[in-house]
Amino acid sequence: MTSTEERVFPVRAGVATGQRLRLSGYDLLTGPVYTPLTFFFRETLDGAALRDSLSRVLRNYPPLAGRLSRDADGGLSVVCDDAGARFTEASSPDPMRDYGPQLRTEPVVGQFLREVGPFRVIDRDTPLLKVRLTQMRGGGSILGVVINHSLADGASTVAFLENWSREHLGLPYPTPCHDRGLLDGLGKLAEDDETARDRAFIAVPRWRHLAAMARLGLKRLATVATRFSAAELAAMKETALAGLPDSGSWVSTNDALTAHLWQVLGDLRDRPADAMEWLGLIVGAHSRLGDALPADYWGNCVSNNWTSTSAGELRSQPLGTVARSIREGLEANTTAKIRDEIAFLNAHRHLGVSRRVMSVRAAEVFDTSITVNNWSQFPLYRIDLGSGTAFWYEFPDLPIPTVHIAPTPGDDGGRDVYLCVSLPHAEELRTPAWQERLHAHGSRPAVAPAQRA
């Protein structure tokens with residue numbers, strides 16, 4: 001994929017509040033990295049109209065037009081000075097292709113968006129929101145949106161895109177709440193040892209944190225995308241429900257799918273029977289806090305929990321047993337746990353050591369675990385910026401083993417799944433035998449060979 005004739009435009013809201021917004025402990029966990037999302041449209045988008053609507057929506061999102069600044073205690077704040085977002089418009093000599101699970105643009109798209117490195121953001125004039133619109137030969141557009149992760153988690157990122165869509169179409173939308181103090185105020189250290197032990201985060205010595213971060217660039221990972229139909233998922237859930245360990249127990253469709261994927265990856269990794277396998281379950285903490293946090297709070301508000309079993313048990317247990325353990329792991333993210341984590345993160349920010357806080361399993365993430373990030377309920381295919389909705393959405397390759405679950409473009413109850421695993425395992429997953437194993441609950445043609453745009 002190539003592009004020429006690009007033009008860069010600063011986009012500002014036209015209003016600078018001057019506020020210095022101190023980021024929360026959850027915001028600080030990710031560091032100032034950027035997450036690119038890419039949307040593919042059959043019809044051509046109007047760049048000038050997009051810049052106009054972006055300017056208007058930024059009036060409700062002053063942090064996205066601001067700049068990151070380091071606090072005296074090592075934390076971060078956003079200076080809401082309306083320094084602006086960056087909007088790049090380019091043309092490509094290539095026609096739009098039929099992108100989808102069997103034809104992805106990664107890893108080209110990460111370079112195509114020209115992602116900013118995290119070491120050139122703090123206390124610099126670096127935009128926290130970048131948009132890149134590429135007009136394809138013969139019609140169609142690719143829209144890349146890059147937001148600094150320290151400002152927003154996945155749910156908040158998609159909420160911004162949805163509200164930009166509504167602003168563009170002249171539709172009403174709720175005003176987001178940016179007050180991090182509301183989240184900080186909910187922190188309360190747990191009074192029982194069990195809740196404290198369930199924290200998703202720990203503070204480690206500086207050398208251990210640096211060693212864990214250094215490993216991110218040493219492992220070669222690749223992503224395999226595949227689509228599960230609604231019929232496959234229904235059969236999978238039926239199998240799981242029939243094999244539940246307790247009568248009256250329940251699991252969701254996503255629980256069954258996650259259990260199936262974990263078992264497939266357990267087979268693929270083929271670790272010794274007594275080795276422990278860990279599954280990280282990312283969960284929105286906002287839903288656990290209920291009315292204690294405004295419904296339209298905008299920022300990072302994500303925790304996680306870990307469930308584990310031996311490699312031998314993972315391979316041999318009924319699907320329902322594994323699915324139920326996943327459901328219990330999700331249910332373990334109680335309000336008390338979330339409030340305890342907020343207090344824990346606040347305390348370490350106050351001590352000036354928030355940069356040494358990390359996931360409890362970060363040090364061994366490549367060897368014993370896989371993390372699941374479920375976006376299947378996000379309105380990714382309802383975002384309309386004037387030319388209809390996207391026909392494909394691209395999630396970036398990640399630096400750690402991850403399963404990303406997304407809706408399908410047809411909104412038909414199916415799921416698109418991105419499996420980010422080691423390069424050798426990715427090559428195996430593309431073979432007909434492993435595709436058959438992945439789709440054991442329904443027939444599907446083998447994925448195309450490692451085809452890239």
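# Briefing: a predicted chain, from fold to charge

Ser-287 sits in helix H10, which covers residues 285–289. This is a predicted model. The chain has 453 residues, and 54% of them count as buried. Its structure holds 22 salt bridges.

- Is Ser-287 buried or exposed? Ser-287 is exposed, because its relative accessible area is 54% and the cut-off for exposed is over 50%.
- Ser-287 and Arg-315 are 28 residues apart in sequence. In space, their C-alpha atoms are 32 Å apart.

**The whole chain**

- The secondary structure comes to 16 helices and 17 strands.
- The radius of gyration of the chain is 22 Å, close to the 22 Å that the globule rule gives for 453 residues, so the chain is as compact as a globular protein of that length.
- Along its principal axes, the C-alpha trace spans about 60 × 55 × 40 Å.

- Most residues other than glycine have a negative phi.
- Asp-123 has a positive phi, near 60°, and is not a glycine.
- Where is Asp-123 found? Asp-123 is in the loop between helix H3 (108–112) and strand S7 (129–137).
- Asp-123 counts as exposed, at 51% relative accessibility.
- Asp-270 also has a positive phi, of about 50°, though it is not a glycine.
- The loop that holds Asp-270 runs between helix H9 (253–269) and strand S11 (276–284).
- Asp-270 counts as exposed too, with a relative accessibility of 56%.

**A buried glycine in a loop**

- Gly-414 lies in the loop between strand S16 (402–407) and strand S17 (415–422).
- Gly-414 counts as buried, because its relative accessibility is 4% and buried means under 20%.
- Gly-414 and Ser-376 are 38 residues apart in sequence. Their C-alpha atoms are 9.0 Å apart in space.

**Salt bridge: Asp-98 and Arg-42**

- Asp-98 forms a salt bridge with Arg-42, and the closest N and O atoms are 3.1 Å apart.
- Why does this pair tie together parts that are 56 residues apart in sequence? Asp-98 lies in the loop between strand S6 (85–95) and H3, while Arg-42 lies in the loop between strand S3 (34–41) and helix H2 (47–57).
- Asp-98 is exposed, with a relative accessible area of 56%.
- Arg-42 counts as partly exposed, at 44% relative accessibility.

**Salt bridge: Arg-349 and Asp-184**

- The side chains of Arg-349 and Asp-184 meet in a salt bridge, at 3.1 Å from N to O.
- Arg-349 lies in helix H13 (residues 335–350) and Asp-184 in helix H5, so the pair ties together parts that are 165 residues apart in sequence.
- Arg-349 counts as buried, at 8% relative accessibility.
- Asp-184 is buried as well, with a relative accessible area of 18%.

**Salt bridge: Lys-337 and Glu-341**

- Lys-337 forms a salt bridge with Glu-341, and the closest N and O atoms are 2.8 Å apart.
- How many residues apart are Lys-337 and Glu-341? They are four residues apart, about one turn of the helix, and both lie in helix H13.
- Lys-337 counts as buried, at 1% relative accessibility.
- Glu-341 is also buried, with a relative accessible area of 1%.

**A salt-bridge network**

**A negative patch on the surface**

- Glu-191, Asp-192, Asp-193, Glu-194 and Asp-198 gather in a surface patch of negative charge.
- Asp-192, one of these residues, is in the loop between helix H5 (180–184) and helix H6 (193–197).
- Asp-192 is partly exposed, with a relative accessible area of 37%.

Technical notes:
Residues are numbered from 1 along each chain as its sequence is written. This is a predicted model: local features need pLDDT of at least 70, side-chain atom pairs count only at pLDDT 80 or more; totals for chains, interfaces and linings use all residues. Side-chain values use heavy atoms; hydrogens and water are left out. Patches are made of residues with over 30% relative accessible area and no salt bridge: like charges are joined within 9 Å, nonpolar side chains (Val, Leu, Ile, Met, Phe, Trp, Tyr) within 5 Å. Accessible areas come from the Shrake-Rupley method with a 1.4 Å probe; for residues, only the protein chains shown count as cover. A salt bridge is a side-chain nitrogen of Lys or Arg within 4 Å of a carboxyl oxygen of Asp or Glu. Lys and Arg count as positive and Asp and Glu as negative; His and the chain ends are not counted. The place of a charge is taken as NZ of Lys, CZ of Arg, CG of Asp or CD of Glu. Helices (H or I, at least four residues) and strands (E, at least two) are DSSP runs, numbered from the N terminus. Buried means under 20% relative accessible area, exposed over 50%, partly exposed in between (1.4 Å probe, protein chains only). The radius of gyration is taken over C-alpha atoms; the globule rule is 2.2 Å times the number of residues to the power 0.38.
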